[in-house]
Amino acid sequence: MKTRLSVVAATLLAFVVSLVAFGGQPAHAATGFTVANGKLYDANGAEFVMRGVNHAHTWYTHQTSSFANIKALGANTVRVVLSSGQRWTKNETADVANVISLCKQNRLICVLEVHDTTGYGEQAGAATLAQAVDYWISVQSALTGQEKYVIVNIGNEPYGNQNYSGWATDTANAIKRLRTAGFAHTIMVDGPNWGQDWTYTMRDNAASVFAADPAKNTVFSIHMYGVFNTAAKISDYLGRFRTAGLPIVVGEFGHNHSDGDPDEDAILSYSQANGIGYLGWSWSGNGGGVEYLDMAINFDPANLSSWGQRIFNGANGIKQTAKEATVFGSTPPTTPPPTTPPPTTPPPTTPPPTTPPPTTPPPGGCTATYTVTGSWQGGFQGEVKVTAGSAAIRGWTVNWTFANGQTVTQSWNATVTSSGSAVTARNVAYNGNLGAGASTTFGFIGATSGGNTAPTPTCTAA
């Protein structure tokens, strides 16, 4: 009887230990970051809450001092924009290794993301999640062994507001491919609808996507712009993940946006009160009409915008709430040199003093075509296709003049204004970036009381 009770007791003890290891805080140090009960833990088993910003590295590879400047303002994490080569110049293995080295030198956790997937299904030329996985596998040698310091964000805003029904299946398949390829990192996944998940596709399928990860080590990322303009919407969305025990971070947000005015104060306060990570957009270099989202004017940490002051120095901001990851210990980690040779002409760590880099990439040309897609008595629907020329562009403006007194009464995927018969359409935040030869479209409803001659539009790139 004594032996039997001992066996039962031992079995129960093993069961309890297994529950703690699976559902609670990790019982011992792991290879890298892990997830349990909706929380993120570093490799020492300490809870880690992201407090940081996004940095557009792929368009400003010479701005390597930004990592130290972001850290100096108190951040513990930086989300780094990379390109897989579908829309912008590919960040090769050596560059990825250098980015990780810069993060580690500055005691920052690196969240690396592929930006080319932005708006797939709606944005012409956008990469698929499968293509993003191909990219990660191609640079895997720079990531292996860095699980303590790097989180892999598979693809930025991987679907627009159209054709997003495949998000759950495609995301689950992408995670499984990365695991099969040997990635042991915590994986981050963005929601569809340009990251804002207003259709609740990610929210309602998060449990099944999490379950599809053999490592159960996936974090969900919501981008909060105009959709999240009230405290109630913010707390409801984030709260549902908390209730479900699923890890959620605010991977991007701003203080204002062309699609509405997000409630940044509520984002910051709710995140702080509930241990939810946040990463503001963005350090510097914004174009296409959203330059107001720059935190540091011209990459200068001594010249913060009002948004930069708010997120770094305000209530519930980075300086007040960030805690450095314990994996950095009391001394900086040893960072071995990259296993692949650096570029033959590495960019300078600071821009040349006489010719500072522009705040946006050099402009390229663009063209626009105007089509009437439907008409009825007194009205019509139009569509304009914008195509970048031989160089990538960061924004566009289309102008035309109506000949028959037509007027625009409603528009989408562009900000449209009129002055008499003259019409001006500008990109919104999510469709201004176009790779060389890539296209996007916007549409509108028009009214007419007579003829409907199609105008000839002109396009100007930013």
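Predicted model: local features only at pLDDT ≥ 70, side-chain atom pairs only at ≥ 80, totals over all residues.
Is Asn 37 buried or exposed?

**Figure 1. Asn 37 sits in the loop between strands E1 and E2.** Asn 37 is exposed, and its relative accessible area is 55%. Its phi is near 50 degrees, a positive value in a residue other than glycine. For background, most residues other than glycine have a negative phi.

**Figure 2. Asn 193 also has a positive phi, and it is a buried residue.** Phi of Asn 193 is about 60 degrees, although the residue is not a glycine. You will find Asn 193 in the loop between E7 and H7. What is the relative accessible area of Asn 193? The value is 1%, so Asn 193 counts as buried, whereas Asn 37 is exposed.

**Figure 3. Strand E6 is covered on both of its faces.** Take a look at residues 150–153, which form this strand. Val 150 and Val 152 lie on one side, Ile 151 and Asn 153 lie on the other, and all of these residues are buried. Strand E5 (residues 109–114) pairs with E6 in the parallel sense over four bridges, and Leu 112 stands opposite Val 152 in E6. E6 is also joined to strand E7 (residues 187–190) by two bridges, and these strands run parallel. In that pairing, Asn 153 stands opposite Met 188 in E7. To get from E6 to E7, the chain passes through helix H6 (residues 167–180), making a β-α-β crossover that is right-handed.

**Figure 4. Helices H7 and H8 are roughly parallel to each other.** This view shows H7 (residues 201–212) beside H8 (residues 231–244). Their axes come within 11 Å and cross at roughly 5 degrees. Angles under 35 degrees count as roughly parallel, and the two helices are therefore described that way. Which residues of H7 meet H8? They are Met 202, Arg 203 and Ala 206, and their partners in H8 are Asp 236, Tyr 237, Arg 240 and Phe 241.

**Figure 5. A cis peptide bond leads from Trp 281 to Ser 282.** Omega of this bond is near -15 degrees. Ser 282 belongs to the loop between strand E10 (277–280) and helix H10 (306–313).

**Figure 6. Four strands form an open sheet with antiparallel pairing.** Reading across the sheet, the order is E11-E12-E17-E14. Strand E11 (366–376) and strand E14 (407–412) are the edge strands, and each pairs on one side only. On average, neighbouring strands of this sheet are turned by 25 degrees against each other, direction ignored. How many bridges pair E14 with E17? Five bridges pair E14 with strand E17 (residues 439–447), in the antiparallel sense. As a landmark, Trp 412 stands opposite Gly 443 in E17.

**Figure 7. The whole protein has 11 helices and 18 strands.** Of the 462 residues of the protein, 54% count as buried. Among contacts between residues at least 6 apart in sequence, 75% join residues at least 24 apart.

Notes:
Residues numbered from 1 in each chain as written. Heavy atoms only, no water. Axes fitted to C-alpha atoms, helices over the stretch in contact; angles between N-to-C directions. Parallel < 35°, antiparallel > 145°, perpendicular 65-115°, else oblique. Contact = heavy atoms within 4.5 Å. Pairing = 2+ DSSP bridges. Buried < 20%, exposed > 50% of the residue type's maximum accessible area, 1.4 Å probe, protein only. Right-handed = clockwise from strand over helix to strand, strands pointing away.
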